[in-house]
Amino acid sequence: MADENENPQVPEPDATDGVTDAEASVTPEELIDGVEADERELTVEDILNAANAEVDDPSDEHLADLKRVTAEYANYRRRTEANRELEKERAIGATVSVLLPVLDDLDRAEKHGDLEGESAFATIAAKLRASVERLGLAKFGEPGDVFDPQKHEAIFQQPSPDVEVDTVADVVETGYTLGGTQLRAAKVVVTTPA
């Protein structure tokens, strides 16, 4: 029984079993350093150092991305500003277009002498005209102007030996422009050469 209790000798594994020649040449200290480097967590300092290195020496890829984003933002701002101005002009144009018949009535009242003096009606008419002029509304079409079919709508023609070119004799309805946009052509009586 004593023989059974004896510890049989277990052969120690060979140091080279399952290990390649390249792995066998690595020292234990190098293995420990490699494991520590792989398992170590990134610290805030590591991240900041990497960011500072990128700032000090930016890569071409990041620089190209930054330039592209900057250009896209500048184009976006330009488009937005142009659209804002266009929408503002459209809104003002729509508002002023509604007021054109009122301005026509004021012109007729002025021709009949209803806006003379310091009457309340004359004061209101002056304020309304000043307000729409501040918005950019400008009127055109005066007797004596040269007839321009782009700006004037002829509702009547009368021949006359006194003129050499088509001339506006009378304005029936004033034309208006808002900024560079013509809202309405002037309706005029035209004198033509005989």
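The secondary structure of the chain comprises six helices and six strands, where helices (H or I, at least four residues) and strands (E, at least two) are DSSP runs numbered from the N terminus. Along the sequence these elements follow the pattern α-α-α-α-α-α-β-β-β-β-β-β. This is a predicted model, in which local features need pLDDT of at least 70 and side-chain atom pairs count only at pLDDT 80 or more, while totals for chains, interfaces and linings use all residues. Residues are numbered from 1 along each chain as its sequence is written, and side-chain values use heavy atoms, with hydrogens and water left out.

Of the 194 residues in the chain, 17% are buried, a term that means under 20% relative accessible area with a 1.4 Å probe and protein chains only. The accessible surface, computed by the Shrake-Rupley method with a 1.4 Å probe, comes to about 15,200 Å², and 54% of that surface belongs to carbon and sulfur atoms. Among contacts (heavy atoms within 4.5 Å) between residues at least 6 apart in sequence, 64% join residues at least 24 apart.

Strands β4 (residues 175-178) and β5 (residues 181-184) pair in the antiparallel sense over three bridges, pairing being assigned if DSSP finds at least two bridges between two strands. T177 has Q182 in β5 as its bridge partner. The two strands β4 and β5 form a hairpin with two residues between them, and G179 in the turn has a positive phi of about 65°.

The largest pocket has a volume of about 210 Å³. On a 1 Å grid over the protein atoms alone, a pocket is an open set of points where a 1.4 Å probe fits, with protein on both sides within 12 Å along at least five of seven lines, and lining residues have an atom within 4 Å of a point. Of the 14 residues that line the largest pocket, D107, K111, V171, V172 and T174 are the closest to its centre. The elements giving two or more residues to this lining are α5 (60-111) and β3 (167-173), and the largest share, five residues, comes from α5. The table divides the lining by residue class.

| Class in the lining of the largest pocket | Number |
|---|---|
| Nonpolar | three residues |
| Polar | two residues |

D107 has its place in helix α5 and is buried, with a relative accessible area of 12%. Leaving aside neighbours within four places in sequence, D107 is in contact with R129, K139, T174 and Y176.

Note on methods: Grid points are joined across faces, edges and corners, and a volume is the space filled by probe spheres set on the points. Ala, Val, Leu, Ile, Met, Phe, Trp, Tyr, Cys and Pro count as nonpolar, Asp, Glu, Lys and Arg as charged, and the others, Gly among them, as polar. Buried means under 20% relative accessible area, exposed over 50%, partly exposed in between (1.4 Å probe, protein chains only).
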